[in-house]
Amino acid sequence: MQTTGTPLSPVPIRWGILATGGIAESFTRDLARMPDAEVVAVGSRNPESARRFAERHGIARAHGSWKELAADDGVDVVYVATPHSAHADATTACLEAGRAVLCEKPFTVTEAQARGLVELARSRDLFLMEAMWTYCHPLVRRMGALIADGAIGEVRSVQADFGLAGPFPPGHRLLDPALAGGALLDLGVYPVSFAHLVLGEPDEVLASADVRGGVDVNTAVLLRWGSGALATLGCSLTAETPTWAAVTGTKGRIEFPRGFFVPSEFSLHRAGREPERFTAPDPEAGYTHQAAEVMRALRAGETESPLVPHESSLAVMRTLDRVRERIGLRYPGE
């Protein structure tokens with residue numbers, strides 16, 4: 001005789017948090033909203049910072065180094081939340097210790113670094129994903145489905161920007177070339193990734209920037225594809241830009257208001273029809289969409305997410321490299 005009842009919840013995926021800054025705080029708070037996720041450890045190069053973070057979030061283990069966190073066998077996957085200048089070193093430490101990794105964006109500083117991480121993960125048969133939360137967002141995925149279904153015809157133009165007015169204090173990481181500072185890698189990765197999601201890797205890259213003190217503070221990017229489609233993108237540390245995005249095709253357009261990279265809504269405009277508005281089912285979900293994708297992939301035994309595939313992250317890094325070539329920006333040690 002069969003019995004029925006409430007389905008058993010999946011065994012929680014055990015997360016480790018590497019670094020203790022603001023983005024680590026936000027991600028950890030969002031994981032607490034997910035019944036199938038458990039944050040079991042945190043690691044920082046500052047033991048006291050790790051201890052305080054663990055106390056704030058009720059985390060069982062606080063490690064005083066990245067290496068100690070990576071060696072924690074009670075961790076299934078590590079979220080790397082350092083500034084991007086440390087992504088390659090932190091992710092390498094975790095992969096070499098046998099840990100799956102979700103690494104914040106931009107993936108690394110250069111495409112060569114990113115390729116090294118992908119090759120290491122593949123050689124160890126380990127899951128690795130860039131934390132491009134935009135790609136995992138339900139509304140952005142809905143946009144992709146509409147475009148694929150021909151809702152706006154053939155895409156001819158993508159527009160997107162992300163700018164902050166500052167001012168940033170002297171010594172801030174965004175102004176420090178030794179930490180790969182500037183607008184492009186920290187903010188520009190969003191509009192560039194958005195254009196890649198819609199049109200793929202561009203054939204031509206043009207750019208111009210205001211470079212001060214070894215970092216770009218105001219940058220404009222023009223991407224071109226063989227189809228004739230264009231993307232006009234911007235990022236800034238000197239101006240509070242609209243931070244919006246639009247995709248225009250031969251039959252209509254899709255517009256995202258401020259905060260396109262984690263949207264609460266978008267509108268679809270087609271000739272002869274009233275605009276259609278699409279809203280997020282849970283505007284407060286934030287980081288949970290990418291965390292859910294990581295946990296789905298781990299349970300399925302996958303080493304790569306179809307939503308944020310390795311090649312997509314590598315292609316974005318190649319474009320960012322090409323932009324830096326165009327604006328003459330090199331970081332110390334390159």
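**Briefing: fold, core and backbone of a predicted protein chain**

P167 sits in the loop between strand β7 (155-163) and helix α8, where helices (H or I, at least four residues) and strands (E, at least two) are DSSP runs numbered from the N terminus. The peptide bond that leads from G166 to P167 is cis, with omega near -5°. This is a predicted model, in which local features need pLDDT of at least 70 and side-chain atom pairs count only at pLDDT 80 or more, while totals for chains, interfaces and linings use all residues. Residues are numbered from 1 along each chain as its sequence is written, and side-chain values use heavy atoms, with hydrogens and water left out.

**Overall form**

- The protein chain contains 10 helices and 14 strands.
- The C-alpha trace spans about 65 × 55 × 35 Å along its principal axes.
- A compact globule of 334 residues would have a radius of gyration near 20 Å, and the 20 Å of the protein chain agrees with this. The radius is taken over C-alpha atoms, and the globule rule is 2.2 Å times the number of residues to the power 0.38.
- Of the contacts between residues at least 6 apart in sequence, 67% join residues at least 24 apart; contact means heavy atoms within 4.5 Å.

**Surface and charge**

- Of the 334 residues, 53% are buried. Buried means under 20% relative accessible area, exposed means over 50%, and partly exposed lies in between (1.4 Å probe, protein chains only).
- The protein chain exposes about 14600 Å², and carbon and sulfur atoms supply 50% of that area. Accessible areas come from the Shrake-Rupley method with a 1.4 Å probe, and for residues only the protein chains shown count as cover.
- There are 33 positive and 41 negative side chains, and the centres of the two sets lie 1 Å apart. Lys and Arg count as positive and Asp and Glu as negative, without His or the chain ends; each charge is placed at NZ of Lys, CZ of Arg, CG of Asp or CD of Glu.

**The nonpolar core**

- In soluble globular proteins, nonpolar side chains tend to be buried together.
- The largest nonpolar core here has 109 residues, and W15, M143 and F194 have the most contacts inside it. Such a core is a set of buried Ala, Val, Leu, Ile, Met, Phe, Trp, Tyr and Cys residues joined through side-chain atoms within 4.5 Å.
- Helix α8 (residues 183-199) gives the most to this core, with 10 residues.
- Leaving aside neighbours within four places in sequence, F194 is in contact with M143, V158, A160, A245, V247, F256 and F260.

**Helices α1 and α9**

- In helix α1 (residues 22-31), the buried residues are A24, E25, F27, T28, D30 and L31.
- The cover over these buried residues includes β1 (13-18), β2 (37-43), α2 (47-57), β4 (77-80), β5 (100-104) and α9 (288-300).
- T288 lies in helix α9 and is buried, with a relative accessible area of 11%.
- Neighbours within four places in sequence aside, T288 is in contact with D30, R33 and M34.

**Backbone features**

- Most residues other than glycine have a negative phi, and most peptide bonds are trans.
- The K105 to P106 peptide bond is cis, with omega near -15°, and P106 is in the loop between β5 and α5 (111-124).
- A19, although not a glycine, has a positive phi of about 105°. A19 lies in the loop between β1 and α1 and is buried, with a relative accessible area of 11%.
- D125 is not a glycine either, yet has a positive phi of about 55°. D125 is found in the loop between α5 and β6 (128-131) and counts as exposed, at 60% relative accessibility.
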